[in-house]
Amino acid sequence: MRDPYEVLGVSKAASEKEVKSAYRKLAKEFHPDLNPGKTALEEKFKEISAAYGLLSDPEKRAKFDRGEIDASGMETPQREYYRGYADGDAGAKYYSHEGFADEAEMEDFLSGIFGGARGGGHRRGQAGGQSFKARGGDASYTLRVGFIEAAKGAMRKLTLPDGRVLEVKIPEGLADRQTLKLAGQGNPGFGGGPAGDAYIEVHVEPHAHFTRKDNDVHSTLPISLKEAVLGGKIQVPTVQGPVTMTVPKNSNSGTTLRLKEKGILDRKSGQYGHHYVTLQVMLPSEPDPALEEFVAKWEPASADDPRAKIKV
């Protein structure tokens, strides 16, 4: 992946506001919903979202600037090991260790204690005739997923630094920065001991049109002047697919309508949140002589001042 600053077209000194502004501008240009069927643009949007996901996170951005992670957000797994143990014959003594990356490192440690794995009369990996078995350490990784993937659930693949590929199931309704546990997918054990676990912190990429608040989804929907004045049924995109919604007559910009249970699953209660749609009335993109003529001759029934509530 390219340098995230280069992808968004901002300098390393760019403020959080400048980064966000650059992302929004690019998202509107390359979002797949606005460019259906254009695979190249979809890949471009994924790159843009990944870059924003890294630079919008102060901690991740600082780590990238210090060279602790790469542009994909991959960092050295944090090796957090549990207390080791020996499970040889009955009555075998328990031993503890601070954590070893692999069997060779453990053997070096034992050699230092027992005078060498072979020269001290003990077999490799043994102490007093009792063989060591130690649980492998846990490993931590990060995985970026799309907003819709987190909302609806998905299967993703995570390639580890050692080349292994993990199949990660993203459960429906997963929130940003939640951690998934993959039992037995961490660092290998020693002497036939079990492997540790893998902990996957999921970073949900922002969406160009949807924002999440708890389990509700919020979006702004443009409507035409005719739809605003006369009302009618329109199609509204949601995380669960297009939904038909009725726009009331005489709807203003800022009017918010609710689509019941079209939000995100609450994994504890099993209930879905709602989708709140805020209307934005749009005039025609090109001049319309007929509309201009009508408005010029139109005499409003009431003399409402749209700026009456503004106080300075």
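Asp214 is found in the loop between strand E8 (211–213) and strand E9 (216–224); strands (E, at least two residues) and helices (H or I, at least four) are DSSP runs, numbered from the N terminus. Phi of Asp214 is near 60°, a positive value in a residue other than glycine. With a relative accessible area of 70%, Asp214 is exposed, where exposed means over 50%, buried under 20%, and partly exposed in between (1.4 Å probe, protein chains only).

The model is predicted, so local features need pLDDT of at least 70 and side-chain atom pairs count only at pLDDT 80 or more, while totals for chains, interfaces and linings use all residues. Residues are numbered from 1 along each chain as its sequence is written, and side-chain values use heavy atoms, with hydrogens and water left out.

Arg177 lies in the loop between strand E5 (165–170) and E6. Arg177 is not a glycine, yet has a positive phi of about 70°. Its relative accessibility is 36%, so Arg177 counts as partly exposed.

Strand E6 belongs to an open sheet of three strands, in the order E3-E7-E6, with mixed pairing; two strands pair if DSSP finds at least two bridges between them. Strand E3 (139–145) and strand E6 (179–182) stand at the edges with a single partner strand each, so one side of each has no neighbour in the sheet. E3 and strand E7 (residues 198–204) run parallel and are joined by seven bridges. In E7, Ile200 stands opposite Tyr141.

Elsewhere, strands E10 (residues 232–236) and E11 run antiparallel, joined by five bridges. E10 and E11 form a hairpin with six residues between them, and Gly241 in the turn has a positive phi of about 110°.
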